[in-house]
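This report describes selected features of a structure with more than one part. Please consult the sequence and the model while reading.

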Amino acid sequence: MTPPRLADQFLKFFCAPDRLEEVQGDLHEEFAYQVRRVGERRARWRYWRDVLGFFRPFAIRRKPGDYSPNPLFSPSMIQNYVKIAWRNLVKNQTYALINVTGLGLGIGAALLIFALVRYHYAIDKHHQKYDRIYRVLTEFVTPEGVFDIAGVPYAMGKALQNDHPAIENLAMIDIYRDPLVAIPMPTGPDRKFKEAHQMGAFVQPAYFRIFDYHWVVGGPTELAQPNTVVISAENATKYFGTTQVIGKVIKLNAVMNTRIVGVFEDYRDNTDFAYPIMASWASLREFYGRPLTEGFDNINGDTQCFVSLNDGFSKADWDRQMMAFVKKYKPHGVKDTRFPMQPLRDIHFSTDTGGVSQGLIWSLFAIGVFLIITASINFVNLATAQALNRSREVGVRKVLGSTRGQLFWQFIGETALLTLAATALALLFFQIGQQLAQERLHGAFRFTFYYDVSVIGWLALIVVVVIGLSGLYPALVLAGFKPAMALAGRITTRQVGGFSVRRGLVITQFAISQMLIVGMIVVASQLQYIQTKDLGFRQEAILTVRLPSSPKQDISKMNTFRNLALAIPEVKKLSYSVSGPPQSGWISQTMIKFDTRPEPEKFTTQQQFIDADYLNVYGLKLVAGRNLQPADTAREVLVNEAFVKALGIRDPAKVLGKLMHNGRGLEIVGVLKDFNQNNLKSGIAPLYMTTRATSYFYANLQLHNGNFRRVIEQLEKDYNGLYPDSYFSAQFVDEQLQEFYVQEQTMASLVNFFAGIAVIIGGLGLYGLVLFMAAQKTKEIGVRKVLGASIRDILWLFGREFFRLIVVAFVIATPMAWWVMSHWLQDFVYRIELDWWIFALAMLLTALITLLTVSYESIKASFANPVKSLRSE
Amino acid sequence: MKRAFLGEFEEVVLLTVAVLDESAYGVTVTQEIEQKTGRAVGFSTVHTTLQRLEEKGYLSSRMSGATAERGGRRKRFFTVTTAGRKALVEVKHIREQLWGALPPQTLQLMGN
């Protein structure tokens, strides 16, 4: 008759060990007594009740003893562990240094990357309605594919509001770049602020019900009226020295006075919608000097529409509703126009609409993971290499009673200590790297870190992973030594996981290095390729000068400016246009009808306004017909080859003399050879060009060689005399082109930077390994030399090993690198081929790096005098 | 001098240990209390009290040698210390004083 077993087990579980015996004894005795007295069933119940009764502090509390029940945690042992660990570090300073530096570099760089990733994923998350905010896009379905534009027609707002009362909030916003702010002064000229790199906007009041803003003073309530504006605290302080500026007047772009009705808190660097000057939507008509375009055919990427939807509104609902919407408002666009919604969380990563490439973020993340793996592999390699030296220690400890678990935790602890030291170093690298990144990359694309809990969390995670990756294997190996063998000194490299494991690790490392090197080469040559590719127009020595952003250009002033500019001897030709051939971001799309075809064409066309000198300045070639006649209004058009092709006509000459209808009929007089009017990521789209002087926005000046600075100074003087309200802004076309590739360039520098670090860490590991090999092979080398081996033979001893590893790594790395990089190249319409030489070069570079790190030690080893190495025997 | 304080149950347990003399341990104490007072006593309550009394210095304990009983588990025997005896005497003394101070008619009402 035994008491309930489960109750007994429970008692054992919670009861303090020093009390268990007596308590359990008493309970059992009582149980036996109760069985006799009241029968077994009731005795069992009682037993349970009694056991549960013991679940109270006196039984649970452990007595502090002189000896810890677990010797692993006894203070004297810990002291001993630390002491031994320290002695080992001091004895093997080189290894320790390599280990800590490598790990520190790896952890620091990985932390940088993770902070960057986390920054990009936190963009705009602070808005309360984050999950319910959408941007309405315009999507065109063309034969070449589907492409999205961030903008919508002006009429979208009102139409949506009428047709979809389900929309909780809807706000239109119109963005413009580089606002010019003037503060009217009681006496003297206005104070002017040229806000380059800032963006201005016109918004509807509902914008502030969708997005969260904190108001320093005032608010958006009055923003429904025309000529009102809200500005950021930073701008307010810049203009007036204070944020208490309600009721003050600022003049925007020299055309419109606006009254400040609110000041909001500054943007932190965590939003994609940083518009420090937001005027009321109702002011838009005055700002542009004309009523807003009606209809649904004109789309501009800068006129956007945001909505916040109620919970439970699905994408499918939206798409269905919008099909009916298109049918109603743009019947001719049913086939090729859609208005999908883009969730706020996708906006930052949508490359079509100017976002950051998610692929870039993830490839950086992958590099971060690689960094940690490489650094950990170093650690494992060096630790197992050193394991031999510690075999005696392990033997002694085991003989004196250490258990396998104890030894295991001892070595894990040592790894943890080293890792923590490396982490301190990593934080230093993190600081430096962050500073470097801010300096080098700022403005290119934002690169900000926040010291918040998540970064600390990442750090903790990285540390734990590193300890696990790098400590586990060596600890298992060391703890597994047989004491007899260890004490007799008969542990060989074979027991230390053998060569195969070590080789596997080195191969992994080599493969990672090779993949990264391939990545570096591909990115660099692709950039080189697109930057030097013939774009089909002249880029050198062309200066573009911005005209005032007034709604209608003053033609007589433009003529004056032309004459003044041409008077400068270095200026060869001047042409006016709405933009240069490279159009960044701003693409005017439109639908046209051709000839006598009744239906509008199924493709959208980009439009450009140019004067007759444009072709000369940019060196554009005609394949058929003639140039435009000089004119101030639109009469004739030039189209490109892509346009002709999109019409389905093979011979360019056949379109000459035909009419193209965009509102009204324009005669096609010439066909231009295709040139890249966008960037090389997208292809060549259909384009037509016509004259329209009042819409010109840029003067394009072709210059002779000479003192460009003097030319610009002279132009600035002329310009300021002519347009006193505006400000002068000039840029060379080739520089402008570089800006298209800012993201790619940033990516290249980031990839180079981090991949470089990974390669360095790999090199460090190799160095450590060859040090160890040399030490192990001292005797072997001595014997070989005595027996007549030449220095070359000895060197080959080392070389053979590493050469083999490189080749195997190459076989593994090549297909992976090929796959990843060809994926990346898919983003580019014009791209390089992944030739064999890229991979060969990567292998060669790896070999070279290996040679550099390995050669010194191996040469030293091979030159060593055998007398010395053999004497001790 | 700090006055000894004994809870009612503590007093009972302490007295029982004294009564049982050399053979006081968890089981005997519990059973003795149950028999003498007729009230059901929680096993763990007795253990707790014994330990508390030991912490207060009124009891001392030692483990017995292992016997064949109860699976060879040892017993913890309790003995009353000098301090424990003093505390008992003091409590008894206070009771007697109180009894002695009862007016005779009240004593009669109680049936004595």
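Which residue in β27(A) stands opposite A:Leu543? In this predicted model, A:Leu543 stands opposite A:Phe732. Local features need pLDDT of at least 70 and side-chain atom pairs count only at pLDDT 80 or more, while totals for chains, interfaces and linings use all residues of this predicted model. Residues are numbered from 1 along each chain as its sequence is written, and chains are lettered from A and ligands numbered from 1 in the order in which they are written.

**The sheet of chain A**

Strand β16 of chain A, residues 542–546, pairs with β27(A) in the antiparallel sense over 3 bridges. Two strands pair if DSSP finds at least two bridges between them. Helices (H or I, at least four residues) and strands (E, at least two) are DSSP runs, numbered from the N terminus. The pair belongs to an open sheet of 4 strands in chain A, with the order β17-β26-β16-β27 and antiparallel pairing. Its edge strands, each pairing on one side only, are β17 (571–577) and β27 (730–732) of chain A. From one strand to the next, the twist averages 25°. Helix α19 of chain A (residues 555–567) packs on this sheet and touches β17 and β26 (698–703) of chain A. The direction of α19 makes about 160° with that of β17(A). Angles run from 0 to 180 degrees between N-to-C directions, and axes are lines fitted to C-alpha atoms, for helices over the stretch in contact.

The loop between β16 and α19 of chain A holds A:Asp554. A residue is buried if 20 or more other C-beta atoms lie within 10 Å of its own, exposed if 12 or fewer, and partly exposed in between, with C-beta atoms placed from the backbone. The C-alpha atoms of A:Asp554 and A:Ala693 are separated by 8.7 Å, although the two residues are 139 apart along the chain.

**Two packed helices**

Two packed helices are described by the angle between their axes and the distance between the axes. For α1 (residues 5–14) and α3 (residues 40–53) of chain A, the angle is about 10° and the axes are 10 Å apart. These helices are therefore roughly parallel to each other, a term for angles under 35 degrees. In the contact, A:Ala7, A:Phe10 and A:Leu11 of α1(A) meet A:Tyr47, A:Trp48 and A:Val51 of α3(A). Its residues divide into 6 nonpolar, no polar and no charged. Here Ala, Val, Leu, Ile, Met, Phe, Trp, Tyr, Cys and Pro count as nonpolar, Asp, Glu, Lys and Arg as charged, and the others, Gly among them, as polar.

Chain B contains 5 helices and 2 strands, in the pattern α-α-α-β-β-α-α along the sequence. Of its 112 residues, 26% are buried. Between the chains, 15 residues of chain A are in contact with 15 residues of chain B, contact being C-beta atoms, placed from the backbone, within 7 Å. The largest share of the chain A side, 10 residues, comes from α2(A). By class, that side has 4 nonpolar, 4 polar and 7 charged residues.

**Annotated spans**

An unreviewed UniProt entry annotates "transmembrane region" for several spans of chain A, including residues 96–117 and 407–429. UniProt positions are given in the numbering used here, feature names are shortened, and annotations may be inferred rather than shown by experiment.

| Span of chain A | Helix and strand | Distance between end C-alpha atoms |
|---|---|---|
| Residues 96–117 | 100% helix, 0% strand | 31 Å |
| Residues 407–429 | 100% helix, 0% strand | 33 Å |

Note on methods: Parallel < 35°, antiparallel > 145°, perpendicular 65-115°, else oblique. Contact = placed C-beta atoms within 7 Å.
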